[in-house]
Amino acid sequence: MSPFVSLFQRLFDETSAARADFVAIPLIGRAVSGDAPKDLYLAFLQEAYHHVRHTCPLLCLAAAKTRDPVYRDALMRYVEEERGHDEWILADIAALGGDAEAARRSQPGRACRLMVAYAYYAIEWISPYAMLGMVHVLEGMSAQFAGQAATTLAQKFGDAGSGQGFLYLSSHGSLDQEHTAFFQQLVDNLDRTAAPPIIDTAIMMYGLYGDIFRELERRGEAMRHAA
């Protein structure tokens with residue numbers, strides 16, 4: 001690897017195969033094109049709630065574990081920006097006729113549990129920089145797909161123009177584009193020893209986050225067969 005390649009570019013290059021596998025998940029394409037039923041979107045929101053509610057605790061854990069003051073400050077900035085986003089998801093569920101309180105009380109699926117558990121493990125036992133691998137995947141994929149999915153699904157469900165039920169997706173589509181620029185600047189100013197845990201965690205997260213959509217895809221198949 002050339003010493004002149006930025007850490008962010010290295011991260012992007014070395015995760016390309018994992019990213020391609022994620023993008024190829026059929027449900028991703030269906031959501032972006034608007035070809036997903038409301039029940040499945042509500043199921044997605046419920047899983048999103050269960051991992052998003054861990055975002056601030058994970059950021060705080062990484063901040064507590066790191067000895068890098070610049071990284072710690074960046075993490076605390078993320079905490080302030082991410083605070084309350086789990087409640088946005090519950091509001092979206094309610095706006096689309098779902099039971100937000102039932103979603104709050106529900107248990108996440110297997111894939112979601114594994115993704116969240118791995119994030120805690122990686123930060124605690126591998127490196128606090130591992131958090132950036134998760135951020136790279138979740139925010140990068142949101143910036144790429146969330147805004148378009150919100151638009152097409154709103155049109156499909158007859159809610160275009162109201163924004164009701166799509167605050168989480170639409171806000172993350174735009175907000176995460178801003179975060180991506182901040183993320184790149186942050187990563188490129190880290191010591192290069194931070195690269196391995198960030199890259200390794202990102203590869204793991206593409207697979208683990210992808211498994212949430214694969215699990216939802218199987219749930220959608222079951223819904224169709226039951227109809």
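**Close-up 1. The largest cavity in this predicted model takes up about 300 Å³.** The model is predicted, so keep that in mind as you look around. How many cavities of 30 Å³ or more does the count give? The answer is 2. Let's look at what surrounds the largest cavity. Its lining has 20 residues, and those closest to the centre are Ala31, Phe44, Ala149, Leu169 and Phe213. Helix 10 gives the most, with 6 residues. What kinds of residues make up the lining? They split into 19 nonpolar and 1 polar, with no charged residues.

**Close-up 2. Helix 9 and helix 12 cross at roughly 165°.** Helix 9 covers residues 110-126, and its axis comes within 8 Å of the axis of helix 12. Why is this pair called roughly antiparallel? The crossing angle is roughly 165°, and because angles over 145 degrees count as roughly antiparallel, helix 9 gets that description relative to helix 12. The crossing itself is left-handed. On the helix 9 side, you can pick out Arg110, Ala111, Cys112, Leu114, Met115, Tyr118, Ala119, Ala122 and Ile126. Helix 12 answers with Pro197, Asp200, Thr201, Met204, Met205, Leu208, Tyr209, Asp211, Ile212 and Glu215. Sort the residues of this contact by class and you get 14 nonpolar, 1 polar and 4 charged.

**Close-up 3. Helix 1 also packs with helix 12, at an angle of about 30°.** Here we're looking at residues 7-14 for helix 1 and residues 195-226 for helix 12, with axes that sit 10 Å apart. Is this crossing left-handed or right-handed? Helix 1 and helix 12 make a right-handed crossing. To find the contact, start with Leu7, Arg10, Leu11 and Glu14 in helix 1. These meet Ala195, Ile198, Ile199, Ala202 and Ile203 in helix 12. By class, this contact of helix 1 with helix 12 has 7 nonpolar residues and 2 charged ones, with no polar residues.

**Close-up 4. Helix 2 packs with helix 10 at an angle of about 50°.** Now its partner is helix 2, residues 16-23, and the two axes are 12 Å apart. That angle of about 50° makes helix 2 oblique to helix 10. As for handedness, this crossing is right-handed. Which residues meet here? Arg19, Phe22 and Val23 come from helix 2, while His136, Met141 and Phe145 come from helix 10. The class count for this contact is 4 nonpolar, 1 polar and 1 charged.

How values were computed. Residues numbered from 1 in each chain as written. Predicted model: local features only at pLDDT ≥ 70, side-chain atom pairs only at ≥ 80, totals over all residues. Heavy atoms only, no water. Axes fitted to C-alpha atoms, helices over the stretch in contact; angles between N-to-C directions. Helix = DSSP H or I, 4+ residues; strand = E, 2+ residues; numbered from the N terminus. Left-handed = near helix turned anticlockwise from the far one by under 90°. Contact = heavy atoms within 4.5 Å. Nonpolar A, V, L, I, M, F, W, Y, C, P; charged D, E, K, R; others polar. 1 Å grid on protein atoms, 1.4 Å probe; cavity = no way out; pocket = protein on both sides within 12 Å on 5 of 7 lines; lining within 4 Å. Points joined across faces, edges and corners; volume = space filled by probe spheres on them. Parallel < 35°, antiparallel > 145°, perpendicular 65-115°, else oblique.
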